[in-house]
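Reader: Please show me the model. I want to ask about the terms used for its ligand sites.

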Amino acid sequence: MIRTRETICAPATGAGGAIAVIRISGAQSISITGKIFFPSVSGIKLDEQKGYSIVYGEIRSGEEIIDDVLLSIFKAPHSYTGEDSIEISCHASGYIQQKILELLIRNGALTAQPGEFTQRAFLNGKMDLSQAEAVADLIAAESGKAHSLAINQMRGGFSDEIRLLRADLLHFASLIELELDFGEDDVEFADRKELKEIVQKVLAVTKGLTSSFSIGNVIKNGVPVAIAGAPNTGKSTLLNLLLNEEKAIVSEIPGTTRDFIEDTVIIEGVQYRFIDTAGLRKSNDIIENLGIKRTFEKIDQAEIILLVADINQGPVILMETLTDIRLENSGKDKKLIILVNKTDTDGGSKRKEIEGKIELAKNESLLYISAKTGSGIDELKMLLGKISGIDQVASENVIVSNIRHYEALLKVTDSLERVLSGLEENLPEDLIAIDVRHAIHYLGQITGEITTDEILGNIFSNFCIGK
Ligand SMILES: Nc1nc2c(ncn2[C@@H]2O[C@H](COP(=O)(O)OP(=O)(O)OP(=O)(O)O)[C@@H](O)[C@H]2O)c(=O)[nH]1
Ligand SMILES: [Mg+2]
């Protein structure tokens with residue numbers, strides 16, 4: 001059930017810090033707060049305050065002084081939710097916050113559900129649904145790129161794009177439905193060529209958007225990079241170097257890493273998820289074999305594979321491992337970076353043996369590195385940025401990063417492809433009109449022009465309390 005009349009309250013800040021903010025929103029915000037707040041300048045009345053004003057005073061529970069606080073007052077519709085709202089800035093003690101919330105509730109406010117403030121902002125037309133979702137992404141953003149993606153979406157970049165498409169399709173629908181009204185007379189108001197052009201134009205955009213999802217998804221969740229290779233080649237040493245932390249155990253005993261080890265790090269504004277795996281070899285050890293099985297699973301889930309080899313093993317062994325990985329990768333076309341490691345142990349002769357012996361496919365690159373000294377690691381970081389494709393993403397590009405939007409756009413594309421083939425096969429207008437209506441419907445789901453309580457419930461229940 002979506003509630004809209006009640007006045008709600010919740011802490012808006014997380015644990016830690018000196019000051020906490022408690023938020024109240026709804027028609028009774030000011031009167032409820034007025035019952036527990038005592039201004040330091042007597043005679044000040046909360047309900048006479050203008051929006052955007054700040055009042056200093058005490059929160060009291062009967063005779064007991066709970067805290068010295070500042071109230072920020074917002075008047076409908078000029079607030080985040082569009083309703084009258086108050087933010088109480090108090091000291092960040094858990095006791096104080098609990099006490100203030102209790103007092104608010106005792107005076108008629110209800111505890112806010114996760115995302116309820118943002119849900120109200122949406123219901124009151126302060127933002128559309130995709131903008132509301134971007135608020136959650138913004139809070140969760142861990143890297144510069146994820147942040148700019150969320151900010152762009154929150155400011156309506158994505159919504160504008162969707163609205164333009166929807167307007168084009170509504171225009172299309174009006175043309176074709178006009179014909180329907182005159183169905184008997186067999187008139188054709190709409191020029192078929194023009195109709196086709198509209199659909200082709202919209203299709204091109206929706207296809208572009210859906211294909212941007214793979215990049216949007218990795219920007220949001222981090223680019224998964226598997227570190228694989230034969231035992232003892234220096235995979236864990238490389239992981240530790242990239243993370244700048246002694247995360248994985250390193251030893252000269254082959255088969256040290258058995259289970260995979262995973263952690264994230266941000267390089268040049270992009271989040272990567274590096275996954276160190278068990279060394280690949282034929283083994284009779286049950287546990288090691290389980291680890292190797294997991295290595296293949298991790299390779300499967302990765303966008304990029306770092307294949308680590310020991311320069312001292314020479315080209316023959318390197319080709320063998322490479323062949324195995326290529327076999328695993330066939331048909332998947334993941335990007336592969338071959339890292340010939342331990343170059344610090346080579347005077348140059350080993351490198352000469354390898355150079356020119358390995359033919360690289362188009363999705364493959366090769367670098368000489370030393371995980372011990374760090375040589376070649378800057379080149380590796382640059383290469384990662386380049387081949388993940390994220391470097392090329394300009395901040396003004398509209399990119400889909402939300403799976404709900406992605407799924408809706410797939411349905412739009414599907415419907416439009418049916419429209420196009422309908423036009424080509426000269427199907428009757430009423431059949432074509434149905435698919436156009438579907439496409440419009442799914443576009444409307446993204447921005448929330450069309451929505452259900454269930455969709456809203458799913459979206460906002462994933463928010464944090466107080467947002
Ligand atoms: N000289 C040199 N030694 C290295 C380098 N990288 C790793 N080593 C050494 O190689 C040995 C194996 O390193 P690890 O990082 O444990 O290798 P691994 O690939 O994770 O090995 P497994 O987990 O057993 O598959 C250790 O003794 C490391 O100190 C390097 O660049 N140069
Ligand atoms: Mg290891």
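Author: First, the ground rules. This is a predicted model, where local features need pLDDT of at least 70, side-chain atom pairs count only at pLDDT 80 or more, and totals for chains, interfaces and linings use all residues. Residues are numbered from 1 along each chain as its sequence is written, chains are lettered from A and ligands numbered from 1 in the order in which they are written, and side-chain values use heavy atoms, with hydrogens and water left out.

Reader: Why is Ser236 called buried?

Author: Buried means under 20% relative accessible area, with a 1.4 Å probe and protein chains only. Ser236 has 8% relative accessibility, so Ser236 counts as buried. Thr257, at 10%, is buried too.

Reader: What makes Ser236 and Thr257 ligands of the magnesium ion?

Author: Donors are N, O and S atoms within 2.8 Å of the metal (3.2 Å for Na, K and Ca). Ser236 (OG) and Thr257 (OG1) coordinate the magnesium ion (ligand 2) at 2.0 to 2.1 Å. Water is not among the atoms, so sites may look incomplete.

Reader: How do you know that Thr233, Asn341 and Lys372 make polar contacts with ligand 1?

Author: A polar contact is a pair of N or O atoms within 3.5 Å. Each pair includes an oxygen atom of ligand 1. The backbone of Thr233 gives 3.2 Å, the side chain of Asn341 3.1 Å, and the backbone of Lys372 3.0 Å. The protein covers 90% of the 650 Å² of accessible area that ligand 1 has on its own.

Terms used
Polar contact = N/O pair within 3.5 Å; in protein donor to acceptor, adjacent residues only side chain to side chain. Areas by Shrake-Rupley, 256 points an atom, 1.4 Å probe, with all protein chains shown as cover. Buried < 20%, exposed > 50% of the residue type's maximum accessible area, 1.4 Å probe, protein only.
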